[in-house]
Each structure stands twice: as C-alpha cells, then as structure tokens.
Amino acid sequence: MFKRLLTGLSLCGFFGLGWLSSPVLAQASHHHGEHDPAHHHKTTSHAPHVHGRAAMQILVDADNVLVETQLPADTLFGFAHAPRTPEQHDLIQKRHKALKTSGIRFTNTAKCRITHAQWKNPLTSQADSHQTNHADIQISWHYHCQAPTQLKDADFSPLFQAWARLEQIELEWLMPNKPANAKRITPEHPHIKLTP
Ligand SMILES: [Zn+2]
C-alpha cells in the first residue's frame, strides 16, 4: 500500500475524512486571515490556504515513514511570487537544501533518517509561473527507520526553527493497525506522542 501511495504526491483523502470534515481542521478553515476566501479554489491541495499554517500528513508503514505538508509560499519564503532579487533566489535555494536536514525529528532509538525530500514549488516552476499569488508549496519527506517499533514520538521544532513564519501545523497521522489521529502542533508544544 505504501508504494501505491508514493505514486501520487498527495495523501489527501487517504484518511477517509477529507480535510474539512476533521474537527480540528474544520476550525482552521473558518479563519481566512486577511485573505479573500475565494482564492481557496485556486490552490491544488485540500488544505485551506492560511498564512502561518501548514497542513501535514504522516503515514507510517513498516519501516517507512512518509511525511507530506502543504503550506503557503509566504510562510516558507516571506513572499509568494517568482524570485526577483538575488536574495530571494538564494532564500529559495537555501530552503530547498535545508529540507533534508530540517525535517521532523522522530524518536532517536527508532533510527529514522531522511532518504528523500522534495517539493513542488510553483514559484520556480516554469509551468506554474502564472500562479504568483497565494501559491502553496507541497513538500514530501521519505524516512527509513532501522528500528520502527521504537517509533513513539515526533518533534516538530526543527520545522518551526527553520521556518520562522510557521505558527501551527494541522497534523493528521496514521500508524500501522491504529486509527487515524489529528492534532494541532504549535511552537509552544512541538512534541507529540504518535502512539497513545
Ligand atoms: Zn497567501
């Protein structure tokens, strides 16, 4: 099942909830911030576009962990248009490089390491260059864990440290043979237990 999921970039719908039917996420969807709610329809992910907020899904399958997140370009870069200055080009490159080192920190003893990290970034994609307002970035990380039975918790502080504009993560996660879970993660409470 894991391999099949990897063929599509998005886990949307995997939990059978749909983003907006989750109680935690439904609340988030009512906060549009300074945005015109209409621009939701232009985004490609199921998550509402709210600056400072990321939607994230974690799927644990045997010794593989797949993490996907969708967040506004503004939250990642501080701008949401194609890079214009050398500084903006540098920032995008820096963020891209850092994906491999600034992912979620899982339980040390589970020995999980990032094997692959990638993003879909409309700001630098030729095909999407017309999409310059309120763009969303999609990021995926693949982890391999040497001792997956030790996988008990997750620390999101590397993400909050790397992305200063990130204020909260609407997380959904799925462990093997367990019901799906959802939780809001904030910089003040960046740790969660993955298993009850
Ligand atoms: Zn926006």
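Two strands count as paired if DSSP finds at least two bridges between them. Strands (E, at least two residues) and helices (H or I, at least four) are themselves DSSP runs, numbered from the N terminus. With those terms in hand, let's start the tour.

**Before you click**

The model is a predicted one: local features need pLDDT of at least 70, side-chain atom pairs count only at pLDDT 80 or more, and totals for chains, interfaces and linings use all residues. Residues are numbered from 1 along each chain as its sequence is written.

**Stop 1: the whole chain**

Colour the protein chain by secondary structure and you will find five helices and nine strands. Following the sequence, their pattern reads α-α-β-β-α-α-β-β-β-β-α-β-β-β. Of the 196 residues in the chain, 29% are buried; a buried residue has 20 or more other C-beta atoms within 10 Å of its own, an exposed one has 12 or fewer, and a partly exposed one falls in between, with C-beta atoms placed from the backbone. Two residues are in contact if their C-beta atoms, again placed from the backbone, lie within 7 Å. Among contacts with a separation of 6 or more, 66% are between residues 24 or more positions apart.

**Stop 2**

Select strand E6, residues 153-155, together with E3. Two bridges join this pair, and the strands run antiparallel. Phe-106 stands opposite Ala-154 in E6.

**Stop 3: strand E1 and its partners**

Is E1 enclosed or open? Eight of its nine residues are buried, so E1 is largely enclosed by the rest of the structure. Seven bridges join E1 to E7, and these two run parallel. Here Ile-58 stands opposite Trp-173 in E7. E1 is also joined to E2 by seven bridges, this time antiparallel. Pick Val-60, and its bridge partner in E2 is Val-65. E1 and E2 form a hairpin with two residues between them, and Ala-62 in the turn has a positive phi of about 55°.

**Stop 4: the largest nonpolar core**

A nonpolar core is a set of buried Ala, Val, Leu, Ile, Met, Phe, Trp, Tyr and Cys residues joined through C-beta atoms within 7 Å. Which members of the largest core touch the most other members? Among its 37 residues, they are Ile-58 and Val-65. To see what else takes part, select strand E1 (53-61), strand E2 (64-72), helix H3 (73-77), strand E5 (136-145), helix H5 (157-162) and strand E7 (168-174), the elements that give two or more residues to this core. E1 provides the largest share, six residues. Zoom in on Val-65: leaving aside residues up to four places away in sequence, Val-65 touches Ile-58, Val-60, Cys-112, Tyr-143 and Cys-145.

**Stop 5: two loop residues**

Most residues other than glycine have a negative phi. Lys-111 is not a glycine, yet has a positive phi of about 50°. Look for Lys-111 in the loop between E3 and strand E4 (112-120). Lys-111 is partly exposed, with 16 other C-beta atoms within 10 Å.

Finish at Asn-177, in the loop between E7 and strand E8 (181-185). Asn-177 has a positive phi of about 60° although it is not a glycine. Is Asn-177 buried or exposed? Asn-177 is exposed, with 5 other C-beta atoms within 10 Å.
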